[in-house]
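Reader: Could you take a close look at one part for me, the place where two of the chains meet? I'd like to hear about the salt bridges and the helix packing there.

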Amino acid sequence: MMLNACAEFGTVIGQAEQLSHFVSTTVKVWERSDIGSLLVSCAVDAAKVASRLEQVARLPFPQQAGEFLELDARRTIWLTPRSWIMHCGLEDELQLAGQINCEFPDKVVHASLFSDYLCWLELAGAGTAALLAEGGFISLEKHGLPIGHAKRTLVAGVAAITLHWRVGRWLVGVERSRAVYFAAWLQAAAARASKLELTG
Amino acid sequence: MKPTDYSLFNLVRRGVWPGTAWPPAWRSVKPGLAYDVVIIGGGGHGLATAYYLAAQYGVSRVAVLEKGWIGGGNTGRNTTNVRSDYMFSESAALYDLGLRLYEGLADDINFNIMLSQRGWLTLIHDQHQLESARHKSNWLACNGVDGEIITRSAVKKMLPGLCIDDSARYPVLGAFLQKRGGTIRHDAVAWGFARAADRLGVDIIQNCEVTGLTMKGGRVAEVRTSLGSIACDRVGVAVAGHSSTITAMAGFGLPVTSYPLQAMVSEPVKPLLNHVVLSPGTGVYINQSQKGELVMGGVLDLYPSHAQRGNFPSIEKVVTAAVEMFPEFRQLRLMRHWAGIVDVVPDSSPILGATPVENLFINCGWGTGGFKAIPAGGLVLAHSLATGRTHPLAERFGLDRFRSNRLVDESAAAGIAH
Amino acid sequence: MIILECPYCHEQRVEDELRYGGEANIQRATDPTAVSDEVWTDYLFMRTNPKGWRDEQWCCEAGCGQWFKVRRHSVSHAIETVARFDVVL
Amino acid sequence: MDRSHPLDFSFNGVAMKGYAGDTLASALLANSVNIVARSFKYRRPRGFFGVGAEDPNSAVAVQDGYSYEPALRAGQVWLAQGMKARSVSGWPSVEFDLGAVTQLFSRVIGAGFYYKTFKWPGWEFFEPFIRKATGFGAPLKVANDRTVQQRHAVCDVLIIGAGPAGLAAATALRGSGLKVFVADDQKEPGGSCRWECARLDGIPAAAWSRQITAKIAADADCTLLAATTVTGAYENEMFILVQTIMDERGVRGERVWKLMARYVVLASGMVDRPLLFEGNDRPGVMLSSAVRRFIGEFGVSPARRLAVYTNNDSAYLTALQAKAAGVDVVAIVDTRSANSAIYLNEARAVGITCYCESQIESTRGYRRLEAIGLRQAATPNIVWIFCDGVAVSGGWTPATQLAAHRGIKPQYDAERSMFVCKDLPESWFAVGGANGALDLQVAMDQAHAAAHAIAEATFTTLNGQRCIASARGFGAIQPFWLPAQGNPHRMWVDLQNDVKVSDIALAVQENYVSVEHLKRYTTLGMGTDQGRTSNVNGLALLAALSGCAISEVGATSFRPPYTATSMRSIAGARSGDLYRPRRYLPAHGVHLAHGAVVLDFGWERPDWYRSNGADRETAVRAEMASVRHGVGVFDSSSLGKIEVTGPDAAAFLARFYVSNMATLKPGRVRYSVMLREDGVIFDDGVVTCLAENHYLASPTSGNAEAVTAWFERWRQTEWPHSRVAIANVTSNWASIAIAGPKARELLIRLEPGFEASGEAFAHMEFREGPVGGVPARVARISFTGELQYEISVPARYAGSLLQSLLAEAALAPLPIGMEAWLRLRLEKGYIHLGSDTNGRTTPLDVGMGSIVSKRKDDFIGKRSLQLSFAIEERREQLVGLIAKRGMLETGGRILARGHVRSPCPTEGYVTSACESPALERSIGLALLEHGHQRNGETVHVLCGKNLIECFVCDPTFYDPKNERLHA
């Protein structure tokens, strides 16, 4: 017997698939069910364990707030002073968690399975920043959240882990139970934007 | 009827015969050197205390000290709602006394306070709230206070603009209705009590800020003010959000934290909301004033403050909720918003009566519910100030309850600002 | 609207993202059974609530989740200090 | 104005023509509309008095091609093709209003009259009539809506107002690299450049403003928002801007900006102040600046024969401009002496008769001004001059409302006879009219200086030149408040609310002399115009009548918004499902496919399933039966799952729960409650020890985030050295509970990777291993009293797991909804947090006293259980109730001993109730005073109209020996 996996928005699991029902002239949205995640939390000061973690995961772990680092299609995102989110392939999640948890049997570091906690959406297109800015400030810096920075912040009233990934390209992770709401909000906001910006 | 009484006859007489001018509603006086009782705080509670002291207890060497203008605090800033649908029998007794006194107040003080008992509806959105409402109506029946559950279709009839169809975020299963609930013209309460107290000889002193208390032998001997020191036998404190500041002068603390409560009105429109409605789902309550403005309020701001100014995130929440409840309100315009500073205590019940200072008595901690209780709060504080003893109805509301944690936590059941 | 820079993630946070958590420096007894009811209920209920400068606890709730301390004026809402939690204000 | 682009519209059903660029006000004036509204109290005819937001009179209902507005000031509405406008006051019509009879009683119904009467027979008798008479307009039942949008933005400098001063500041800052927002409430930027006769940098002001505007609009660092009102200024320099997006059909949408700025240039201009005289409310009397704008911008004259009344020089400019536009200017009436008036000779030279040291003493005309009666100093006679319009200027009021929002009290400047802001925050700069500048060059220099101050503070450099203005100044003013002559009962201070000089006198006489009392008692300035034209005159009268200086009476505080703001734009698009997020279970679709009736329990969860019965009661009974006799499948994914890890995890958890979690062994599960510090139960649930230093806490669904935050807070603030990490993983896992005698059989069908026999996997144990081929966590715990397993798999498998379980037809599993689940646990006597506990319930009250007393070490809330409240006799304690006959209802109130009729004292209430199929009785849980000592007693419960007699019993109704859950 083998249970089947299913992506939140019904796209093919394990692939980055565009949400075909999302209508906007300036923004495209992909469901990134190919992203596997771990939540790595420390029971002690993160600085004390970071180097061991880096060795076992063979990835750099950012020490600066707001940073994320990438290596070989994997990604580590600073989440709190004592935790990171790790991105890997969905199929690598269990193995990577095992490696980390074996390294720390005393649990000063623990990797929790986290692929299904957040629903990751990729947003791209000229209207993306404006669309997100309807839901919140995203950043109070004059030029907005810089490329290469991540921030957990409120968007449309829900906490979203927001990565300014590339030029005009964002990754947004929202808690799974609220993802339907968030996508509906995105769609409604995009529809309003195209209605208003026809000429105005 | 005295020529200074408010009546249609005198109104016409003075209108027709020029030169028969109305006297001041209250005198402007300089503070005397000594009083039997000094009441700190010229809001509704302080002025009501003064009135009942003079009218019911025959104590008229009384001064009310107000640092600004009377009724300028929460009395003049609240959303004017009154009701008495409280569950704990001790709360029910106190708040229902308030409402009953309000019901006869226009005659008592010869001032039209425009009590409009148009009915207070608390919406019921889900099964759990329905069960709580049943509990409430059973309990109120046991307390002898009116209140009933009405059906969804009855709600629709009473509130034709309310969205109760499937598009509503919070469905409406019915409502809890207290028919005696309603609204009162808030300024009239302050002015009416002030005028009535003044006519009984009470000195109302505005622009008089209390700067300190002179203590002697564990008693307040003098109240120091920006207009000089005033000796007194007993002191009443009724200053809501500023209570901690005054009691700190007397050397004791309170379990009080001051929070802003935002309120707002729309531009006046023709009558479209005939009752007071509160939604536990959105946390917002609305009524329409006699001038046609929709008066709206919600839950407290999220952090303490003594700033009586509007805060947009709160405004946004209330307006969004109002529009969600009544979609037609989208077409209306917000005209003014402001804030009052309320005194929040852990159990959201008032603190009444004796304090660690022998001759200092307090009336505070009403949170967002002070306006509806003004006559009751005034009466029980007057009782303490006149007799030195706590009024029987106030016994469960003493400051000492926080030492035993024997709280009167109506909010654990009600859970919302009002 | 309150805006605070979180001393942990160094982001400017608007009040929707923050959570107020009461007065700072309210001490919990190390051995609660050893203190009187009065001391215990002081800790539970009594607050200074000054009109003026207040020492407060805030949390970067929608952000990095860390608690920190703030000295804030209750009338002007001016912020004098924002500090990590281990700092004594 | 675009005369080549005519537009059709209607007013009160009459078809009219206007042009693109008209406001509704200018178009109505051009169509000779006299009476646009009626005043509030006396229903007097009202014409246009101002030109925009300051107009107290012109509330109209407007339908454009997109939506409907119940009441807008006509000067704030831009004309659109097909627009339908209506007056919102006057009955039966605005031209003929029966309500005007109230004027007959005006002597009786002065300020605050209602406080003095309507007491007998009762206010409720009069109130309905008064309510009907109030309000302007009403929303339409069915109205299409505008599109609304919200934006959040950050900038260096916000310039409020794109008049000459605002544009000068913007142009100076251009190229500095600073991010600048310029907001102007008009459709076209330029402000007074559009209507005043001035030259800037050598070219006509209108051309200058177009040039500058184009440059700003093209600059990447600048955002120019036209038709955008800054409605509120809040601390931390957060501003709310409402932008109107228009096309030829009307207002297509509104966009709300939440804008954070570092610096603010307030260039919001100023507005004329009226002069008081008898009959000053007649249609035809208008602010002088409004007349200039109507003529200069819209090419429409508000009068054919215009008189001008002033105490300063600006009104001469009005007269000259009107004269040049071909209006018959019949007189300038100046309260000052001839040698004060700088444009006197110029006016006389073009043939305007000027009366200095003169006052208007009276007027004639009812529906329209017909004549003014003026008296020159030292002459005994009134001179009557026939005219249908008077342009009035009594000085100026800078538009400082936004500064007032920030708590800045404007102060009276006696020299200029106006209220100005003298102590602005450091980051604010008031320039031009908003700063009381009466000369254009002064305004431009202030703007230039503000830009330089900002540049200096931000270490940027500016390269623009100072702008050279050539215009005629507004000259000097000689304040003139209360005329010596004229009837105070016929001098209006507030035109909308009908507040007259006599009302203010009455208020002062009755000692309502605090500014706020005056305002509230008379309703002065409380109208929809927010007293823009009435407040200052009111203050001056208050000062004069109470014998003090204007600076002493204080100023009323302006509160946001600057001008009434549509609630739709504040609310944005947050309605219905977008009002507040709904939370969905990962297998939501599968539930729906099985006919789930989903309700909002904090999460969208099945209440019951249509597939189990035609109605709720039938279905719930079938669901209960399947759990009692077969197996039921219940989605408990929303239950919290918090991983607590680290060397100190056990000790950490022990501090939260009443039971000692430190003794929990790997593979074991323990139920307990946690308390707030005041001893009251905060949450309940099980804790699982997955391995050493690795725990899983399962708070209730509603509390998962709150408990995570609670753990975190204590870790950070109280025990920072505790080596523990807290991770909320709730949504990562879908949890499906299977309950009933056949639950084990069902579990085995999923091929668990561990031994599932009763001996190998006992009650309150936990296993981790594959189930259905995927990693799973399985706990054997019970909420129903039956053998029960809770299977958790990664959420992506939720639907598949649920479907696979329900597909085991041989075991006939039914999906179970919340209602059946809660009734099952009620039979078992398990508490449901929030139903069977309230905000005062302690563990002692729910039968956990022995666990508490066993604990030697401290846990949160323990100390409070020693306070007298927790151990007093009259505690409400959890008991079971069995009805002797009839139906118990949740919420039934238990009457005190010896009482069988309400009102009476009470002793507790029914916290949960249902018809128990197992007992075939109506049963309930209750919190009852002394409950633990009252087993077997009879109590009376008030349930609505019924009084139910019940036995008090132990709360465990079903299988008290726990044989079934250990099966």
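Author: Let's go to chains B and D, since among the 5 pairs of chains that touch, this pair has the most contacts (a contact being heavy atoms within 4.5 Å). Chains A and B, by comparison, do not touch, and their nearest C-alpha atoms sit 11 Å apart. Bear in mind that this is a predicted model, where local features need pLDDT of at least 70 and side-chain atom pairs count only at pLDDT 80 or more, while totals for chains, interfaces and linings use all residues. Residues are numbered from 1 along each chain as its sequence is written, chains are lettered from A and ligands numbered from 1 in the order in which they are written, and side-chain values use heavy atoms, with hydrogens and water left out.

Now the charges. Side chains of opposite charge can pair when their charged atoms come close. Here, a salt bridge is a side-chain nitrogen of Lys or Arg within 4 Å of a carboxyl oxygen of Asp or Glu. One of them pairs Arg309(B) with Glu235(D), with 2.8 Å between the closest N and O atoms. Arg309(B) sits in the loop between β15 (294-297) and α9 (312-325) of chain B, and Glu235(D) in the loop between β13 (228-234) and β14 (238-247) of chain D, so this pair joins two chains. (Helices, H or I with at least four residues, and strands, E with at least two, are DSSP runs numbered from the N terminus.) Glu235(D) is buried, at 9% relative accessible area, whereas Arg309(B) is partly exposed at 26%; buried means under 20%, exposed over 50% and partly exposed in between, with a 1.4 Å probe and protein chains only.

There's also a salt-bridge network with members from both chains: Arg330(B) and Arg333(B) are linked in it with Asp64(D), Glu69(D), Asp145(D), Arg146(D), Glu254(D) and Arg568(D). Over all chains, the whole structure has 109 salt bridges.

Then there's helix α1 (residues 8-16) of chain B. Its buried residues are Asn10(B), Leu11(B), Arg14(B) and Gly15(B). They cover an arc of only 130° around the axis, so they lie on the same side of α1(B); the arc is taken from the directions from the helix axis to the C-beta atoms. What do the buried residues of α1(B) pack against? Their partner is α2 (113-116) of chain D. On the face turned away from the buried side, α1(B) carries the exposed residues Leu8(B), Phe9(B) and Val16(B).
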